[in-house]
Amino acid sequence: MGITAITTKPVRLAVASLAGLGIAGGIAVAANAATGTVHTSSASLSVRSGPGTGYAKVGTLAKGAKVTISCQTTGSTVKGTYGSSNIWDKVGTGRYVSDAYVYTGSDGRVAPACGSTLPSNPGTPSDVIGNNYPYSGQTSGVDRWNMYKGQCTSFAAWRIESVHKIKGFTNQYKGQHWGNANSWDDAARRSGVTVASRPKVGDIAQSDAGSFGHVAYVAKVNANGTFVVEEYNYVHPEHYGTRTVSVGSGRGQFDSFIRF
């Protein structure tokens, strides 16, 4: 039956023409490219280089834009206009959008499955990933890394796990107590993890400033030396945010970069 998709979209079913469908075991399977219309609550929809929010953003599509879907595949689950779906629509070479925001006339697949030429794992994305933190909205209790939910350290642990694929990272990683953000640089050094003085995409930026310090994820490094971080519990208490910052030891800056 192809790739199983998780979808809880509101009904948008239309009667499909058998001319565009094949039949396998009594189930209609899309055989040709299809068309769709972008429906978002905002002005545009992000286009990614692969089927998931972890891939680089390569453009946008305006609300109401018509798209041709050459094939469909599964990726990260997105909650959109039509509910939650892990189906991603290929709308051009190296261009994918979440089907959760595309009206196609059907809650199921409307185009053939993409072949084996999908982009490889994005590895370290080269831009802002977005708020895919699994404890978003939770402001109490301990997470699976033994850190407090909604805090900067918990979000950094999520990036370490999800981007760098380090499944064993916890508050006791490599026998060290990582604790508050202001101790992360020391814990990293004791663990044998590189701590650099200049940022690189994928680093965990660290600062000792303030009572507890702060950590954030380096999403992008600009040509002028500034860099973009994704973080929790800084500009927005116990919530996600991004900002452009510089290297330094002052409040709001970072002077250590933990490189997993």
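How many salt bridges does a search of the whole structure find? Six, where a salt bridge is a side-chain nitrogen of Lys or Arg within 4 Å of a carboxyl oxygen of Asp or Glu.

Before the details, some ground rules. This is a predicted model, with local features needing pLDDT of at least 70 and side-chain atom pairs counting only at pLDDT 80 or more, while totals for chains, interfaces and linings use all residues. Residues are numbered from 1 along each chain as its sequence is written, and side-chain values use heavy atoms, leaving out hydrogens and water.

Take Glu230 and Arg159, whose closest N and O atoms are 3.2 Å apart. Glu230 sits in strand β14 and Arg159 in helix α1, 71 residues apart; helices (H or I, at least four residues) and strands (E, at least two) are DSSP runs, numbered from the N terminus. Glu230 counts as buried because its relative accessibility is 0%; buried means under 20% relative accessible area, exposed over 50%, partly exposed in between, with a 1.4 Å probe and protein chains only.

Next, Arg243 bridges to Glu231, with the closest N and O atoms at 2.5 Å. Arg243 lies in strand β15 and Glu231 in β14. Both Arg243 and Glu231 are buried.

Now helix α2, residues 184–191. Its buried residues are Trp184, Asp185, Ala187, Ala188 and Ser191.

Just after α2, Gly192 has a positive phi of about 85 degrees.
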